[in-house]
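Please keep the structure open beside the text as you read.

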Amino acid sequence: MTLIHFAIFLPVIAAIAIAIIYRYVKDVHLGWFVLPIPAVIVAYLFSLIPSIANNQVFHHTLNLMPRIGLNFDVYIDGLGLLFAILISGIGALVVLYSIGYLSKDEKLGNFYVYLLIFMTAMLGVVLSDNILMLYFFWELTSISSFLLIAFWFTKEKSVYGAQKSMLITFFGGFMMLGGFVILHLITDTFSIREMIANVDLIMASPLTPLAVVLVLLGAFTKSAQFPFYIWLPDAMEAPTPVSAYLHSATMVKAGLYLVARFTPVFAFSELWVWLILVIGLVTLFWASFNAIKQDDLKAILAYSTVSQLGLIMSLLGVGALAVSTGANEQIFTIAVVAAVFHIINHATFKGALFMVAGILDHETGTRSMKKLGGLMTLMPITFTMTLVTALSMAGIPPFNGFLSKELFLEAMFEISNANFSALADWNVLFPILAIVGSIFTFVYSIKLIHGVFFGKRTHDTPKEPHEAPKLLLASPIILSALVIIFGLFPNILSGSIIDPAAMGILGTDTALNTEISHWHGFNNPALWATVAIVVIGTVLYLFRSSWMFIYDYHKEQFTLNHLYDQGLIYSQLGSAKATDGIMSGFLRDYMVYIFGFFVVFGIVTTFYTGLPITFDDFAQVGIQDMALVLIILVSLAIIMMTRSRMVSIIMLGAIGFSMALFFAFFRAPDLALTQLAIETVTTTLFLVCFYHLPKRSKHEESIKFKFTNFIVSVGVGAIVILFGLAAYSNRLFDSISQYHIDNVYDLAAGGNMVNVILVDFRGYDTLMETLVFGIAGIGIYALMKAKVSRKDDDNEEHA
Amino acid sequence: MELITIILSGILIASATYLILSKSVLRIIIGTGILSHGVHLMILTMGQLKRGSVPVLDDAVSTYSDPLPQALILTAIVISFALTAFSLVLLLRNYKELGTDNTEDMKGVPHDD
């Protein structure tokens with residue numbers, strides 16, 4: 001247990017404390033008690049930056065279950081530290097913001113407990129080296145996200161959104177676990193660092209493509225990539241601080257983290273590069289296209305988040321080329337730098353934009369673009385923040401988004417130099433998708449600024465708009481300031497955190513010495529692409545009314561949401577139908593399932609392993625034995641045939657007494673005696689019951705019913721005989737009987753071995769047997785004596 | 001001999017299965033009784049039959065028949081008796097309450113919550 005382990009678990013410990021004290025805190029907002037926790041963690045993490053910047057890594061082990069490889073190994077390199085700082089830093093700002101956003105009447109105890117659990121989970125995801133622990137924390141983030149989306153659980157939409165996010169992310173998480181298990185099978189380790197060391201094993205394995213797909217399913221569902229992004233817009237039902245924190249700045253980036261972390265493991269795989277690159281770009285394009293038509297401020301931001309995640313995802317795809325192709329390494333390294341830089345930038349500008357959306361919601365009472373307008377003079381600070389952050393999102397200089405966007409475009413142009421798979425043949429496709437996606441991004445960013453703050457005031461807002469209180473403004477102001485600072489002085493980041501993180505993704509120790517510059521000269525294609533984006537984007541925005549009709553072609557029944565809803569409905573119907581079909585409520589059907597499974601299982605086993613049976617080593621058969629066998633067979637036949645219950649009871653007795661004789665012949669006098677006594681009592685009991693039973697009972701059984709029963713019974717009998725013979729022919733172990741025979745006198749001072757085994761060697765069995773007997777006795781007594789009071793006597797329909 | 005007892009116990013178990021699958025509760029109980037007979041015979045056979053003498057310590061005897069299956073069966077006989085007795089009383093009570101000994105009539109109304 002080191003300090004860093006403690007830092008990871010600090011939020012959960014605090015959550016327990018919050019759960020206890022929140023009842024007693026009435027006068028002060030509960031958020032003030034929570035705020036110090038992420039602040040302390042972020043301060044601690046900042047203290048690690050100098051050593052990380054010197055290419056140091058930290059590795060601490062905490063053994064949990066070492067024999068199965070489940071250890072809580074913390075591994076901090078630049079990548080992990082970057083995410084951890086984002087999680088705790090944005091976390092602190094979000095808690096501060098939530099103090100202004102959520103009133104004291106809300107269920108603050110729940111809110112902060114969930115939020116703190118999320119913090120621990122997320123820190124665990126990005127700092128664990130052990131993939132089992134990573135999976136554990138990964139699912140914990142899904143659970144806390146579920147709880148936070150459903151925070152206003154009385155609203156139907158919240159519950160719908162929470163369920164949707166849970167189903168999709170849990171599906172992906174479970175697939176990812178499958179991928180992890182395959183990786184473990186290949187490399188025999190759960191440690192990511194050891195997997196990187198054994199990458200040649202992974203390259204050689206035929207299972208690797210499956211592992212790639214499964215791990216990517218986890219990453220794509222979590223990071224809301226096409227076609228799984230549909231949960232993120234619905235997750236916007238969560239309180240805005242949650243949207244800013246989980247669904248924009250941190251949790252949805254877990255998928256990016258996973259891809260980045262596994263880049264050194266999978267970069268050689270063509271499948272990996274293609275999937276990430278294409279899915280990322282398609283997501284960028286599709287989500288930015290759809291963001292424009294949204295009316296709800298948070299919906300625009302949700303689609304925008306999806307598209308920006310796609311952008312970073314595709315950058316990681318290009319970055320993988322730096323690992324897999326030696327030749328053009330320098331060119332593709334820039335993509336990794338761009339990815340890391342954009343993760344930081346997106347967290348700052350999108351976090352701020354979400355907070356602004358929350359402020360607008362809070363101060364005007366609506367998030368609908370139609371109702372908002374002309375707020376520039378009424379809310380000047382909010383307007384300034386929106387201007388800075390939205391322009392950064394659009395990729396306009398001098399803000400930080402411009403720098404990473406330009407690096408992104410540059411990386412997409414560089415794909416034409418890739419000497420990998422067939423990437424170079426498709427080199428036109430990637431820049432075009434990137435530019436078109438960026439144009440749409442520009443359009444909705446402008447729409448956000450123009451639609452809300454310019455134009456005429458609508459006076460449709462439920463509340464009279466005014467500037468927000470300082471408490472609400474503090475967090476977005478800090479983030480907006482960072483947008484400007486990172487935009488003007490990007491190199492304060494590049495040496496300290498971007499380079500170490502990029503080196504972590506690439507899995508290299510050689511320093512990168514990145515210099516991010518604003519100006520790359522006139523012959524840089526990215527510059528002209530930016531110019532084109534601004535020009536075309538402006539034109540599209542000005543003439544938006546003349547092309548918005550194309551959205552009407554995308555009909556409701558062809559959307560992914562429709563597919564999801566229908567899938568949910570039909571899977572529920574299907575499972576209900578299947579359950580009703582199997583669970584008939586009729587005892588016999590269940591017995592058929594059990595026996596039928598036994599038969600099928602037996603046949604399959606026999607088929608696959610074979611049953612070696614030898615017919616020797618049998619004892620002599622005497623005439624008396626044959627007589628007993630005959631008696632038993634005849635009695636059985638009579639039981640099967642007769643309709644008289646009296647006869648079948650007597651025949652059952654005959655079988656019992658024959659068994660007693662068998663025991664006597666087979667040198668088991670104790671058994672014979674017991675069987676005789678018990679059989680007498682049983683037969684008596686049957687006869688007593690017979691007296692009370694109905695004279696006649698109707699049991700019409702159809703031919704089909706009887707035939708099924710017959711087939712199943714014959715199958716069971718045949719399997720029993722086969723297995724019995726096989727077990728008799730093959731003795732895999734020495735019997736323990738000889739031990740009992742040898743020691744019966746020395747250890748237990750008895751002569752009758754059966755008795756000694758019962759009361760001494762296996763005395764506890766016998767003790768428990770008396771317990772069973774006692775329970776049966778109590779049950780019988782209760783059944784005889786207990787009176788059942790029935791409430792619904794009228795509903796009796798039996799004769 | 002072992003071949004015969006194994007086949008016999010297979011027949012006993014097959015008949016017991018058939019009885020257990022029927023609709024009459026009494027036949028089901030008879031089936032469980034026969035099932036336990038079949039199983040006892042099978043267990044006893046696994047310890048080999050008619051080898052050595054009765055498993056009671058005796059200086060004159062060098063080989064004994066296997067005592068372990070006998071001990072197991074002794075327990076099983078008593079337990080199966082407890083089961084039979086309990087099922088019989090359950091059948092009686094059930095008949096008094098529901099007026100039927102047909103399992104098909106006993107199933108509850110689906111979705112009656």
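How many salt bridges does the structure hold over all chains? In this predicted model, the number over all chains is 11.

| Salt bridge | N to O distance |
|---|---|
| A:R261 and A:D77 | 2.9 Å |
| A:R193 and A:D129 | 3.4 Å |
| A:D296 and A:R367 | 3.0 Å |

**Charged pairs**

The side chains of A:R261 and A:D77 meet in a salt bridge. This pair links distant parts of the chain, since A:R261 belongs to helix α14 (residues 254-266) of chain A while A:D77 lies in the loop between β4 (74-76) and α5 (78-101), 184 residues apart. Is A:R261 buried or exposed? With a relative accessible area of 6%, A:R261 is buried, and A:D77 is buried as well, with a relative accessible area of 6%.

The closest N and O atoms of A:R193 and A:D129 are 3.4 Å apart. Here, too, distant parts of the chain are linked: A:R193 is in helix α9 (residues 192-197) of chain A, and A:D129 is in the loop between α6 (108-127) and α7 (131-149) of chain A, 64 residues apart. A:R193 is partly exposed because its relative accessible area is 31%, whereas A:D129, at 2% relative accessibility, counts as buried.

In the salt bridge between A:D296 and A:R367, the closest N and O atoms are 3.0 Å apart. A:D296 lies in the loop between α15 (270-291) and α16 of chain A, and A:R367 in the loop between α17 and α18 (380-394) of chain A, so this pair ties together parts that are 71 residues apart in sequence. A:D296 is partly exposed, with a relative accessible area of 25%. A:D296 and A:R367 also belong to a network of salt bridges that includes A:D361.

In soluble globular proteins, nonpolar side chains tend to be buried together. The largest nonpolar core of this model has 217 residues, and those with the most contacts inside it are A:Y112, A:F180, A:F262, A:F266 and A:W272. Helix α17 of chain A gives the largest share of this core, 20 residues. Which residues is A:F180 in contact with, leaving aside its neighbours within four places in sequence? They are A:I131, A:L134, A:Y135, A:V215, A:L258 and A:F262. There is also a second, separate core of 46 residues, which includes A:L652, A:V754, A:I757 and B:I77.

**Cavities**

Rolling a probe the size of a water molecule over the atoms shows where empty space is left. The count comes to six cavities of 30 Å³ or more. The largest cavity holds about 140 Å³ of space and is lined by 15 residues, of which A:E679, A:T682, B:S36, B:H37 and B:S80 lie nearest its centre. The elements that give two or more residues to this lining are α28 (669-692) of chain A, together with α2 (25-46) and α3 (67-98) of chain B. By class, the lining of the largest cavity divides into six nonpolar, eight polar and one charged residue.

The second largest cavity holds about 70 Å³ of space. Its lining has nine nonpolar residues, one polar residue and no charged residues, and among the lining residues are A:L297, A:V356, A:T386 and A:F453. At least two residues of this lining come from each of α16 (297-324), α17 (329-364) and α20 (429-453) of chain A, and the largest share, four residues, comes from α17 of chain A.

**Backbone features**

The loop between α11 (208-222) and α12 (231-234) of chain A holds A:P227, and the peptide bond from A:F226 to A:P227 is cis, with omega near 0°. A:A224, whose place is in the loop between α11 and α12 of chain A, has a positive phi of about 55° although it is not a glycine. A:A224 counts as buried because its relative accessibility is 0%.

A cis peptide bond also joins A:P397 and A:P398, with omega about 10°, and A:P398 is found in the loop between α18 and α19 (400-414) of chain A. Finally, A:A749 is found in the loop between α30 (737-748) and α31 (753-761) of chain A, and its phi is near 50°, a positive value in a residue other than glycine. At 61% relative accessibility, A:A749 counts as exposed.

Notes: Residues are numbered from 1 along each chain as its sequence is written. Chains are lettered from A and ligands numbered from 1 in the order in which they are written. This is a predicted model: local features need pLDDT of at least 70, side-chain atom pairs count only at pLDDT 80 or more; totals for chains, interfaces and linings use all residues. Side-chain values use heavy atoms; hydrogens and water are left out. On a 1 Å grid over the protein atoms alone, a cavity is a set of points where a 1.4 Å probe fits but cannot get out, and a pocket is an open set with protein on both sides within 12 Å along at least five of seven lines; lining residues have an atom within 4 Å of a point. Grid points are joined across faces, edges and corners, and a volume is the space filled by probe spheres set on the points. Ala, Val, Leu, Ile, Met, Phe, Trp, Tyr, Cys and Pro count as nonpolar, Asp, Glu, Lys and Arg as charged, and the others, Gly among them, as polar. A salt bridge is a side-chain nitrogen of Lys or Arg within 4 Å of a carboxyl oxygen of Asp or Glu. Buried means under 20% relative accessible area, exposed over 50%, partly exposed in between (1.4 Å probe, protein chains only). A nonpolar core is a set of buried Ala, Val, Leu, Ile, Met, Phe, Trp, Tyr and Cys residues joined through side-chain atoms within 4.5 Å. Contact means heavy atoms within 4.5 Å.
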